[in-house]
Amino acid sequence: MEQYELWKALLRQGTDLPFWQDFYVKFYQAFFENNRWQQYLKGVGTTLWVTALALALGIVLGILVAVVRSAHDQQRPGRKNPVLSAVNGLCRVYVTVIRGTPMMVQLLIMGMVIFASSRDFTSVGALTLGINSGAYVSEIIRGGLMALDPGQAEASRSLGMNYVDTMRFVVIPQAFKAILPALGNEFIMLLKDTSLITYIGGKELLYAAQGIYGRTYEAMYPLLITAFMYLILVVIFTWLQGILERRLRQSDRR
């Protein structure tokens, strides 16, 4: 600590220190001084909470939209259900608008217009990310449903299963295996996109880094630490996804 204080004082005086001393002082200042590592960990916790909430909302919305659109597309010619057609039209508008506008613009609209009176910007960010993710998840799931052999659904219906049971027990479980890599990629994108909620006041990992370099006047090391933490999280979740995919392949062989 004494050497750290000495080197820190020399830096403030404008003295040129060797690289390793300069690195030590700035890294210690960005991570250890005043227990700043706790701010990063708190930011990681918020990031994971926002990601989980957004992913859950995105999956629910994605499944609903995908099922509606798939059911509409599977209707027989001349036997169109007007209610289903109207709901399908709304789903198509939702997917088109969300996929056609930038995430940042959606966050600013939600945070500064729709929920302008709210002070819980982290939850507003999670809601926005979930709505955004739902549009992409719906297309992923719809693609998986369309890729399955329609004969399996027809066979289930011939056994007396209704549409809901057919989707629940036959179609969706098989489609899940096909779409798991794409869903995993969407989850990773969602994890990284949580950094955007900082711009509406969401208090996640990048927000913690900004607070630290606002006090130390040194942006590089807090941002490098933040980038490294995101990288570690992505590597961990990619590894877990790989384990799940291998187990699903093993179950197929049995």
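Guide: Let's begin at Arg69. Leaving aside neighbours within four places in sequence, Arg69 is in contact with Asn88, Cys91, Arg92, Val95, Glu139 and Arg142. Keep in mind that this is a predicted model.

Visitor: OK, and where is Arg69 found?
Guide: In helix H3.

Visitor: Is Arg69 buried or exposed?
Guide: Buried: its relative accessible area is 10%, and the cut-off for buried is under 20%.

Visitor: Let's go to H4. Which residues in H4 are buried?
Guide: Leu84, Asn88, Cys91, Tyr94, Val95 and Ile98. Asn88, Cys91 and Val95 are also among the contacts of Arg69.

Visitor: How do those buried residues fall when you look down the axis of H4?
Guide: They fall within an arc of 120°, so they line one face of the helix.

Visitor: Why would residues three or four places apart point the same way?
Guide: Because an α-helix has 3.6 residues a turn.

Visitor: And what's exposed on the other side of H4?
Guide: Pro82, Leu90, Val93, Thr96 and Gly100 are exposed there.

Visitor: What covers the buried residues of H4?
Guide: The cover includes helix H3 (37-73), helix H5 (103-114) and H6.

Visitor: You mentioned H6. At what angle do H4 and H6 pack?
Guide: At about 115°, with the axes 9 Å apart. H4 covers residues 82-100 and H6 covers residues 121-147.

Visitor: Left-handed or right-handed crossing?
Guide: Left-handed, as H4 passes H6.

Visitor: Which residues meet there?
Guide: From H4 you have Tyr94, Val95, Ile98 and Arg99. From H6 they meet Ile131, Asn132, Gly134, Ala135, Tyr136, Ser138 and Glu139. By type, the residues of this contact divide into six nonpolar, three polar and two charged.

Visitor: Switching topic: what about Met167, where does that sit?
Guide: Met167 is in helix H8, residues 163-193. With 7% relative accessibility, Met167 counts as buried.

Visitor: What does Met167 touch?
Guide: Val67, Leu145, Ile172 and Pro173, if you don't count residues up to four places away in sequence. For Leu145, the C-alpha to C-alpha distance from Met167 is 9.3 Å, and the two are 22 residues apart in sequence.

Visitor: Leu107 then: buried or exposed?
Guide: Leu107 counts as buried, at 0% relative accessibility. Leu107 is found in helix H5.

Visitor: What else does Leu107 touch?
Guide: Beyond four places in sequence, Leu107 touches Gly125, Thr128, Leu196, Ile197 and Ile200. Ala126 is 19 residues from Leu107 in sequence and 9.6 Å away, C-alpha to C-alpha.

Visitor: Back to the start of the chain. Which residues of H2 are buried?
Guide: Gln21, Asp22, Val25, Tyr28, Gln29, Ala30 and Phe31. H2 runs over residues 19-31, and its 13 residues reach 18 Å from the first C-alpha to the last, close to the 18 Å expected at 1.5 Å a residue.

Visitor: I like checking backbone angles. What's phi of Asn34?
Guide: Near 55°, which is a positive value in a residue other than glycine. Phi of Asn35 is near 55° as well.

Visitor: Where are Asn34 and Asn35?
Guide: Asn34 is in the loop between H2 and H3, and Asn35 is found in that loop too.

Visitor: How exposed is Asn34, and how about Asn35?
Guide: Asn34 counts as exposed at 62% relative accessibility, whereas Asn35 is partly exposed with a relative accessible area of 42%.

How values were computed:
Residues are numbered from 1 along each chain as its sequence is written. This is a predicted model: local features need pLDDT of at least 70, side-chain atom pairs count only at pLDDT 80 or more; totals for chains, interfaces and linings use all residues. Side-chain values use heavy atoms; hydrogens and water are left out. Axes are lines fitted to C-alpha atoms, for helices over the stretch in contact, and angles run from 0 to 180 degrees between N-to-C directions. Helices (H or I, at least four residues) and strands (E, at least two) are DSSP runs, numbered from the N terminus. A crossing is left-handed if the near helix is turned anticlockwise from the far one by less than a right angle, and right-handed if clockwise. Contact means heavy atoms within 4.5 Å. Ala, Val, Leu, Ile, Met, Phe, Trp, Tyr, Cys and Pro count as nonpolar, Asp, Glu, Lys and Arg as charged, and the others, Gly among them, as polar. Buried means under 20% relative accessible area, exposed over 50%, partly exposed in between (1.4 Å probe, protein chains only). The arc is that of the directions from the helix axis to the C-beta atoms. The expected span of a helix is 1.5 Å times one less than its number of residues.
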